[in-house]
Amino acid sequence: MPVAEALTQILASAPAAPETETVYLEQAVARVLAESPTSPVAVPPADNSSMDGYAVRSQDCQNPATTLPISQRIPAGSAPLPLEPGTAARIFTGAEMPAGADAVVIQENATEADGHVAFSGPINAGSNVRPKGQDIALGAEVIYKGRRLQPADIGLLASTGIDSVRVYRPIKVAIISTGDELVEPGSSLGAGKIYNSNRFVLTTLLAKLGCEVVNIGRVQDDLAATTDALERAAEQADCILSTGGVSVGEEDYVKAAVEALGALQLWRMRIKPGKPLAFGHVKQIPFFGLPGNPASSLITFTLFVRPFLLKMQGAHIEPPLRLSVAAGFERSSAGSREEYMRARYENGVVHIHQNQSSGMLSSASWANGLVVVYPHQTVALGDLVEFIPFSELLN
Ligand SMILES: Nc1nc2c(c(=O)[nH]1)N[C@H]1C(S)=C(S)[C@@H](COP(=O)(O)OP(=O)(O)OC[C@H]3O[C@@H](n4cnc5c(N)ncnc54)[C@H](O)[C@@H]3O)O[C@H]1N2
Ligand code: MOO
């Protein structure tokens, strides 16, 4: 199945968002808003000066050589008196404008002496004034429900005086590592064994998405053990991920185990790497069978699992940004699968890693994104190709 079609089908079966909880802003980063908060104040709450200088009524300064007496001094944080007509107020950046004043003359264009100030240059109404409500109007929606809160969003909420928000509770995601060859880091490698790296990639990706990880552990290549692990995962988690065992070999038990406990909805995508990706349900709990090859599981996670988990958490999802960049590589033979190549964009050109083996993680560690090459597409040096920065996929 083509990638876009598979993604549409997978996203369509995401369950409804979980329950909600209230958290303080300090804990709200990367959480998904379950409400659309409105602002209890205007931001800024009053007109204020954007510069250090003198607040005036612009109509008092129409004369090119105006000199005005200084009637008050307004530091930031103080409450100003209304500005007496025919006078100026000494004012500082961020200080509230006195009623009646409509402009600020920056101090570089003013000369102060004996309690009076003289101005050079024209003075226009509104200059150097930040109007009340310029950032957020009173009662306006501050941020939309479904937003995954970013640092600026949290600051925006704080600027309205809001100190806590309603967000969706974190979802639990179970990880099952299949394979008789796997050994956990920290123990010694026996003959025929390799270290389990996929679990660490997935745990890290899940932490970034704000999910709680339930580590089911390593499962032998055996139908009963795989079925048992899936059952345990379904009891404890909102979504299940497994790695390995989804290909066509007789030692690949994942698909049969899923079918025994639920249903397999999709299997095999027109994608490289990651062709054997499986999606289905285990006792109503959504399930992804990621391919065992480390690059395949990383890439299929970012393209399919990540948006699914974000949707499950109530997030409004946007497709990852795809940049059009000049290829620093050539590809003369076209493939039949959509390829996501580990690539590095630097100085306006994107290079692909020479070794795109799906068994290699070093190329993913070197890369700062993925180049997408479509079926039947060839690439000549300098052609524009699609590039998805990892900042779009690994956050
Ligand atoms: N005859 C065919 N063989 C294979 C096909 C095919 O179509 N016909 N597809 C290949 C493709 S493409 C992929 S991708 C792999 C996926 O296979 P599985 O998902 O069944 O994964 P395994 O066979 O269990 O493992 C593949 C590879 O990855 C290593 N691995 C597994 N788990 C981990 C882990 N947690 N950490 C690190 N490395 C892991 C495993 O040792 C294998 O080397 O199948 C191809 N075969
Ligand atoms: O499709 Mo597999 O993921 O290349 O190695």
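A: Two residues are in contact if their C-beta atoms, placed from the backbone, lie within 7 Å. Setting aside neighbours within four places in sequence, His353 is in contact with Arg342, Ala343, Ser363, Trp366 and Ala367. This is a predicted model, in which local features need pLDDT of at least 70 and side-chain atom pairs count only at pLDDT 80 or more, while totals for chains, interfaces and linings use all residues. Residues are numbered from 1 along each chain as its sequence is written, and chains are lettered from A and ligands numbered from 1 in the order in which they are written.

Q: Which confidence scores does the model carry?

A: The pLDDT is the predictor's confidence in each residue, from 0 to 100. Where pLDDT is low, the predicted coordinates should not be read in detail. Here the protein averages a pLDDT of 96, and 100% of the residues score at least 70. The model scores are ipTM 0.98 and pTM 0.94.

Q: Where in the fold is His353, and is His353 buried or exposed?

A: Helices (H or I, at least four residues) and strands (E, at least two) are DSSP runs, numbered from the N terminus. His353 sits in the loop between strand 22 (349-352) and helix 7 (362-366). A residue is buried if 20 or more other C-beta atoms lie within 10 Å of its own, exposed if 12 or fewer, and partly exposed in between; the C-beta atoms are placed from the backbone. His353 counts as buried because it has 20 C-beta neighbours inside 10 Å. Its C-alpha atom is separated by 5.7 Å from that of Ala343, 10 residues apart along the chain.

Q: How is the protein divided into domains?

A: Domain bounds come from an automatic or database domain assignment. That assignment gives domain 1 (3-16 + 170-312), domain 2 (20-43 + 135-168), domain 3 (48-130) and domain 4 (323-393). The C-alpha centres of domain 1 and domain 2 lie 34 Å apart.

Q: What makes up the largest nonpolar core?

A: In soluble globular proteins, nonpolar side chains tend to be buried together. A nonpolar core is a set of buried Ala, Val, Leu, Ile, Met, Phe, Trp, Tyr and Cys residues joined through C-beta atoms within 7 Å. The largest one has 77 residues, and Val173, Ile240 and Leu309 have the most contacts inside it. Helix 6 (residues 294-312) gives the most to this core, with 11 residues. Leu309, apart from neighbours within four places in sequence, is in contact with Ile171, Val173, Leu209, Cys211 and Cys239. A second, separate core of 19 residues includes Ala55, Leu68, Ala88 and Val105.

Q: Which backbone features deserve a second look?

A: Most residues other than glycine have a negative phi, and most peptide bonds are trans. The bond from Val43 to Pro44 is cis, with omega near -5°. Another cis peptide bond joins Lys272 and Pro273, with omega about -5°; Pro273 lies in the loop between strand 17 (271-272) and strand 18 (278-282). Asn128 has a positive phi, near 60°, and counts as buried because 21 C-beta neighbours lie inside 10 Å. Arg268 also has a positive phi, near 80°, but with 15 C-beta neighbours inside 10 Å it counts as partly exposed.
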